[in-house]
Amino acid sequence: MILVSACLAGFNVRYDGGNVQQDLAVKLVALGKAITVCPEIMAGFSTPREPAEIAGGTGKDVLAGKARVVNRRGVDVTDQYLAAAKMALKIAQGNHITVAFLKQKSPACGTRIVYNGHFSGNKVAGMGVTAALLAEHGIAVKDEEDLTIDNLQQFVDQKTISLLENNNLNNCH
Ligand code: SF4
């Protein structure tokens, strides 16, 4: 089973109330090959909400107690992000997830780069809190740019690949 960020699967869960839908994420969910999580919603935040960034490090540092997650108003939301990461891990382990395709740059889901905590648009290399916890537990974490038919070959069977290549979602059974 595959895990995908809910916003990639078309759910309007982003801080601005929108989504960043990717067709392959939608199809994987429709085919029952992927499940979704939105750590920020699981943390109890509403949509829309104040954006948050990791201050003083990356998700790995947050897990180690060396960095914090702070929203644009300066409110420390670290505990909520940590709780959500633990929930996401529990869901992933309960569903035998081996790979997660997560939204880049998010303080929860980012897998390669995250914003640097100054709300200036600048980024640093590193993962979000949930991505870091999943990776620490042996789950491969990838981003939306990795979500291609070629990259999915190793995670789903050939019949699924054929269905993913089919543009008509009504044929997904
Ligand atoms: S990037 Fe992750 S935390 Fe942010 S809206 Fe998407 S699923 Fe939710």
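Tutor: Let's begin with H96, which counts as exposed because its relative accessibility is 65%. Exposed means over 50% relative accessible area, buried means under 20%, and partly exposed is in between (1.4 Å probe, protein chains only). Keep in mind that this is a predicted model, where local features need pLDDT of at least 70, side-chain atom pairs count only at pLDDT 80 or more, and totals for chains, interfaces and linings use all residues. Numbering starts from 1 along each chain as its sequence is written, and side-chain values use heavy atoms, with hydrogens and water left out.

Student: OK, so where is H96 found?

Tutor: H96 sits in the loop between α4 and β5. Helices (H or I, at least four residues) and strands (E, at least two) are DSSP runs, numbered from the N terminus.

Student: And what's up with the phi of H96?

Tutor: The phi of H96 is positive, about 55°, although H96 is not a glycine. Most residues other than glycine have a negative phi.

Student: Is K105 buried or partly exposed?

Tutor: K105 is partly exposed, because its relative accessible area is 28%.

Student: Change of topic, then: which peptide bond is cis?

Tutor: The bond from T47 to P48 is cis, with omega near 0°. As for its place in the chain, P48 belongs to the loop between α2 and β3. Most peptide bonds are trans.

Student: Now the strands. What order do they have in the open sheet?

Tutor: The open sheet has 4 strands in the order β2-β1-β5-β8, with parallel pairing. Two strands pair if DSSP finds at least two bridges between them.

Student: Which strands are at the edges?

Tutor: Those are β2 (34–37) and β8 (140–143), and each of these pairs on one side only.

Student: How many bridges join β1 to β5?

Tutor: There are 3 bridges between β1 (residues 2–5) and β5 (residues 99–102), and these strands run parallel. V4 stands opposite F101 in β5.

Student: Where in the chain are F45 and Y81?

Tutor: F45 is in the loop between α2 and β3, while Y81 is in helix α4 (residues 78–94), so the pair links distant parts of the chain, 36 residues apart. Y81 counts as buried because its relative accessibility is 4%.

Student: Why is the pair of F101 and F155 edge-to-face?

Tutor: Because the planes of F101 and F155 are at 85°, with ring centres 6.3 Å apart. F101 lies in strand β5 and F155 in the loop between α6 (149–152) and α7 (158–165), so the pair ties together parts 54 residues apart in sequence.

Student: Is F101 buried or exposed?

Tutor: Buried, because the relative accessible area of F101 is 0%.

Methods
Phe/Tyr/Trp six-rings, centres within 6.5 Å; stacked < 30°, edge-to-face > 60°.
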